[in-house]
Amino acid sequence: MYSCSNRRLVPLLLVAPAALGAGAGAAAFDPLEYVDQLIGSRDGGNVFPGASLPYGLAKAVADTNSGSNQGGFTLDGTPILGFSALQPLSLGEPAFDIRGLIFALVCIRLFLRNDSGTGGEPSLGNFPLFPYAACPADDINQCVYPKKTRVASGAFDPKTVVARPGFFQVTLNTGVKAEMTTAQRTALFRFTFPTAANGAHPLLLQDLSDLHDSRQDNASVSVDTETGRIKGQALFVSSFSQGQYVSYFCTDFSGSKIFDNGIFVNSRASTDVKNLTVSRSINGYPLPGGAFVRFESPAEPVTARVGLSFINSDQACSNAEEEIPDFDFDAIQSAATDAWREKLSPIVVSTGGGVDPDQVKNFYSGIYRTMVNPQNYTGENPNWKNTEPYFDSFYCLWDSFRSQIPFLTILDPSSVEQMIRSLIDTYRHEGWLPDCHMSLSKGYTQGGSNADVILVDGYLKGLAGGIDWDDGYKAVVKDAEVEPFDWCCHGRGGIDSWKALGYIPVQDFDYKGFGTMTRSLSRTLEYSYNDFAIAQMAKAMGKTTDAEKYLGSSSNWKNLYKANQTSSLFSGADTGFVGFFQPKYMNGTWGSQNPLKCSNIDNTGSICSLQNTGAETFESSIWEYGYYVPHDQGSLLELYGGPSNFVKRLDYLHDQNITYIGNEPSFLTVFQYHYAGRPGLSAKRSHFYIPRFFSTTPEGLPGNDDSGAMGSFVAFSMMGLFPNPGQDVYLITPPYFESVNITSPATGKTATIRTVNFDPTYEAIYIQSATLNGEPYTKNWINHSFFTEGKELVLTLGKNESSWGTAVADLPPSVGEYVGFNGTARTRRALLENPRYPSGLGREMFGFGR
């Protein structure tokens with residue numbers, strides 16, 4: 001069991017999952033057979049489908065000329081601009097609100113990597129390569145160099161695309177085949193040219209651009225006459241932030257012998273000039289420039305090794321030479337594939353019982369996407385140097401704290417430990433924990449200080465691995481107590497009003513710090529939960545005074561509940577529900593926001609992101625935020641008129657399409673029926689969304705993947721255990737498979753979820769009874785010890801709801817007591833086997849006295 005002083009798991013947490021095994025039958029089961037990286041590569045999924053290691057810095061892919069190329073490559077019929085090795089990962093932060101309203105914040109694209117599944121303008125895609133089988137008439141000035149015009153040579157047949165973990169391939173219509181794989185900080189490309197007559201010389205160019213054309217002044221490149229080595233650097237604008245970053249590359253070639261090389265500027269090239277420094281230009285578009293190498297013959301493939309660094313070009317060269325010394329493409333690809341297999345192997349699902357193989361593909365593809373971001377930049381942080389891990393591309397924690405990071409806490413706890421250490425180290429050097437952090441820059445904060453939730457979630461679940469939890473506690477407390485000057489980009493705003501009024505007011509008077517003066521309602525709700533998270537950590541650390549203080553402020557959400565507030569549809573029809581959160585001014589008078597503003601059915605052109613004219617809720621409606629009280633569902637149930645009315649309102653939220661499953665605030669609402677004693681309805685709602693909105697096609701995501709957030713929602717839902725993040729709570733629903741085995745990398749023990757009466761048509765999705773380790777189990781939730789202690793949960797299923805998990809004593813923890821269940825409140829009981837949660841009821845069950 002875990003406690004503050006118990007660190008006996010530290011050695012085990014550093015053991016690789018493959019060394020511990022993945023349960024019975026795992027040797028014959030290869031999860032990579034079920035990974036489809038092209039899910040979400042069309043219609044705004046914005047996934048990164050290219051080659052990468054788990055959390056790798058180098059991310060190699062073909063970049064298309066699409067309006068939705070935030071992940072680099074798309075299958076929407078647009079041609080290829082180049083092949084880069086730094087990419088974004090399913091970026092989804094508000095370059096638009098949830099209905100696609102454009103919010104023109106600059107996004108970046110790192111050299112040869114992309115950020116996966118994110119929104120807004122494309123990010124990264126720096127220093128792309130582009131191949132030609134030959135220049136017309138063998139004249140270098142008849143090859144086309146600028147991106148805007150060379151795209152005419154970038155058409156390809158989608159049937160030539162091959163994407164596997166650690167590998168990506170596409171063939172251009174010109175006949176050039178491009179294959180790519182990666183090490184941690186180095187990408188390896190292999191270009192095979194069509195056989196040509198008349199002594200044609202294939203050409204590879206590398207330019208000083210990124211996908212968003214954000215390059216600033218004085219980029220430089222050089223090419224070595226003898227070896228063809230290209231080195232370069234440029235300053236770019238960071239994505240969804242106020243910062244900039246300098247990236248460096250070092251490219252070497254193997255295969256066909258070098259014929260000649262040189263540099264190009266705009267549309268002209270020279271073999272006489274080997275060095276170039278180029279300005280941004282004066283017309284708002286970076287002046288095209290870069291280097292090229294020509295080869296003697298197309299008969300032999302050309303392998304291009306691209307080393308990356310944020311320190312300098314020499315380190316980029318060193319990274320490449322260390323990681324890929326001999327240009328062995330097949331060996332590097334095999335190592336990358338093995339790395340992915342090791343990460344995914346702890347989870348093994350049954351593929352029998354008549355289950356559709358697409359369900360298995362959906363599951364493992366979702367898991368795969370959880371490990372593309374964030375990216376491990378350890379050793380590549382130019383801002384400070386120490387021995388702590390450094391992760392970047394937290395894009396953004398507002399998305400990932402809900403399910404992505406909690407999922408990795410189960411599947412890859414040692415990596416989450418490194419991420420938490422990185423977050424704490426960022427606090428040490430930048431003053432506060434980040435909410436967004438990408439390309440070495442502080443990104444924009446969307447709501448609360450949700451790194452607090454990530455730290456507390458890891459603490460409660462026993463993560464250790466070198467984490468300085470004392471510093472972690474200082475970090476979360478500083479979020480709550482000290483307002484930064486620029487709370488746009490970390491920490492919280494309006495702290496004086498928060499303490500004096502108990503809420504964030506509309507048009508707050510805040511002279512101590514500055515950020516977008518919107519989102520007062522959603523920030524109040526998120527700050528309340530952030531404070532609850534701190535209270536749990538304080539209590540577990542024996543800081544009783546702090547625990548009571550933050551538990552008290554965690555109830556501030558109640559101050560914005562307006563009991564007589566009504567809600568009407570945009571047609572004017574009354575929804576029939578009364579009692580909603582509303583914004584409030586500093587003097588205590590009510591403001592007003594239509595509860596359906598910024599909902600999925602709002603077609604009035606509402607501004608719902610970080611614009612100065614934005615709403616008092618962020619990317620979501622008051623209807624949906626009305627359920628964001630994760631720690632006190634008992635009190636919320638009472639405000640909403642008891643469990644029956646709670647369920648009716650939750651049904652209305654989903655059935656009337658008010659919520660948008662393509663945005664993270666919707667995730668927990670799918671499973672909040674548990675708190676009303678209706679766990680069967682959570683299972684039903686889960687099957688409503690999967691696979692209807694999450695399928696295995698290129699357009700199979702309802703929105704951008706948000707760096708694996710959508711993937712983790714699918715994985716948790718299909719596994720049958722969904723987290724309430726920041727608490728040691730997983731809500732139980734039947735898995736989408738006969739059985740699921742999860743081997744904990746921390747302990748080597750295998751937890752099993754097994755079903756009786758499994759129905760592959762998913763009509764029998766209601767739990768009739770359950771046992772835990774052979775004993776009857778009636779609670780509709782379970783805690784993290786299930787995974788670390790390797791327990792067995794057996795669920796007997798049927799076609800109708802049952803009484804299982806419906807009793808008050810079987811509901812998940814809540815600060816406020818549950819009332820309205822046949823006139824009874826929860827009876828006192830112990831929390832399930834976790835010493836970091838002392839026993840008790842309501843406040844007590846979270847470890848607080850009455």
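Q: What does buried mean here, by relative accessible area?
A: Buried means under 20% relative accessible area. Exposed means over 50%. Keep in mind that this is a predicted model.

Q: Which way do the residues of β18 point, and are they buried or exposed?
A: Start with the general idea. In a regular strand the side chains alternate between the two faces of the sheet. Now the case here. G289, A291, V293 and F295 point one way from β18. G290, F292 and R294 point the other way. All of these residues are buried.

Q: Which strands pair with β18, and in what sense?
A: Strands of a sheet pair through backbone hydrogen bonds, either parallel or antiparallel. Strand β11, residues 203-207, pairs with β18 in the antiparallel sense over 5 bridges. Strand β15, residues 258-265, pairs with β18 in the antiparallel sense over 7 bridges. Take R294 as a landmark. L203 stands opposite R294. R294 is also the bridge partner of D260.

Q: Is V237 buried or exposed?
A: Compare its value with the cut-off. V237 has 18% relative accessibility, so it counts as buried. V237 lies in strand β13, residues 230-237.

Q: How far apart are V237 and R215, in sequence and in space?
A: Read the two distances separately. V237 and R215 are 22 residues apart in sequence. In space, they are 6.8 Å apart, C-alpha to C-alpha.

Q: Which residues make the nonpolar surface patch of about 350 Å²?
A: F509, Y511 and M586 make this patch. Look at F509. Its relative accessible area is 57%, so F509 is exposed. F509 sits in the loop between α12 (495-501) and α13 (520-540).

Q: What is the strand order in the open sheet of 3 strands?
A: The order is β27-β28-β33, with antiparallel pairing. β27 (721-723) and β33 (781-782) stand at the edges with a single partner strand each, so one side of each has no neighbour in the sheet.

Q: How many bridges join β27 and β28?
A: β27 pairs with β28, residues 730-732, over 3 bridges in the antiparallel sense. F722 stands opposite L731 in β28.

Q: Which helix packs on this sheet, and what does it touch?
A: Helix α19, residues 709-719, packs on the sheet and touches β27 and β28. The direction of α19 makes about 135 degrees with that of β27.

Definitions and conventions
Residues numbered from 1 in each chain as written. Predicted model: local features only at pLDDT ≥ 70, side-chain atom pairs only at ≥ 80, totals over all residues. Heavy atoms only, no water. Buried < 20%, exposed > 50% of the residue type's maximum accessible area, 1.4 Å probe, protein only. Helix = DSSP H or I, 4+ residues; strand = E, 2+ residues; numbered from the N terminus. Pairing = 2+ DSSP bridges. Patch = residues over 30% accessible without salt bridge, like charges linked within 9 Å, V, L, I, M, F, W, Y side chains within 5 Å. Areas by Shrake-Rupley, 256 points an atom, 1.4 Å probe, with all protein chains shown as cover. Salt bridge = Lys/Arg side-chain N within 4 Å of Asp/Glu carboxyl O. Contact = heavy atoms within 4.5 Å. Axes fitted to C-alpha atoms, helices over the stretch in contact; angles between N-to-C directions.
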